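Have the structure open beside you as you read.

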Amino acid sequence: MSQVFSFPHLTEVIKSLSVSVRKQDFLTYFKRFSLVSTTEDSITLGVVSSFHRDNLLKKFYDEIKETVQKVNPAITSLDIVVDDEMDRK
């Protein structure tokens, strides 16, 4: 049985993306993520705004999903949502 995706996995994904994504894009879009929910085969990541969500989905979704699957191959579904709680943390 595979290990459920967790915060250390997310940290590893972000570190990997920091190398593969242009520095300016990384600083703009990849500074803050939350792990909203996770199952054995899916994760939902939270971001601070619809601007970030829309741009990540449009420009970086495939790269994010590929990186997630390298870290945890069991993940087949990735969703990115606005996490309203992030500004309160």
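Which residues have the most contacts inside the largest nonpolar core? In this predicted model, they are Phe5, Phe30, Phe33, Leu56 and Ile64, within a core of 21 residues. Several elements give two or more residues to this core: helix H1 (7–20), helix H2 (23–29), strand S2, helix H3 and strand S3. Helix H3 provides the largest share, with five residues.

Setting aside its neighbours within four places in sequence, Ile64 is in contact with Leu17, Phe30, Leu45, Leu56, Leu78 and Ile80.

Three strands form an open sheet in the order S1-S2-S3, and the pairing is mixed. S1 (34–38) and S3 (77–82) stand at the edges with a single partner strand each, so one side of each has no neighbour in the sheet. On average, neighbouring strands are turned by 25° against each other, direction ignored.

Look next at how S2 and S3 come together. S2, residues 42–47, pairs with S3 in the parallel sense over six bridges. To find a spot along this pairing, go to Thr44, whose bridge partner in S3 is Asp79.

Finally, bring the helix back into view. H3 (residues 50–71) packs on the sheet, where it touches S2 and S3. The direction of H3 makes about 160° with that of S3.

Notes. Residues are numbered from 1 along each chain as its sequence is written. This is a predicted model: local features need pLDDT of at least 70, side-chain atom pairs count only at pLDDT 80 or more; totals for chains, interfaces and linings use all residues. Side-chain values use heavy atoms; hydrogens and water are left out. Two strands pair if DSSP finds at least two bridges between them. Helices (H or I, at least four residues) and strands (E, at least two) are DSSP runs, numbered from the N terminus. Axes are lines fitted to C-alpha atoms, for helices over the stretch in contact, and angles run from 0 to 180 degrees between N-to-C directions. Contact means heavy atoms within 4.5 Å. A nonpolar core is a set of buried Ala, Val, Leu, Ile, Met, Phe, Trp, Tyr and Cys residues joined through side-chain atoms within 4.5 Å. Buried means under 20% relative accessible area, exposed over 50%, partly exposed in between (1.4 Å probe, protein chains only).
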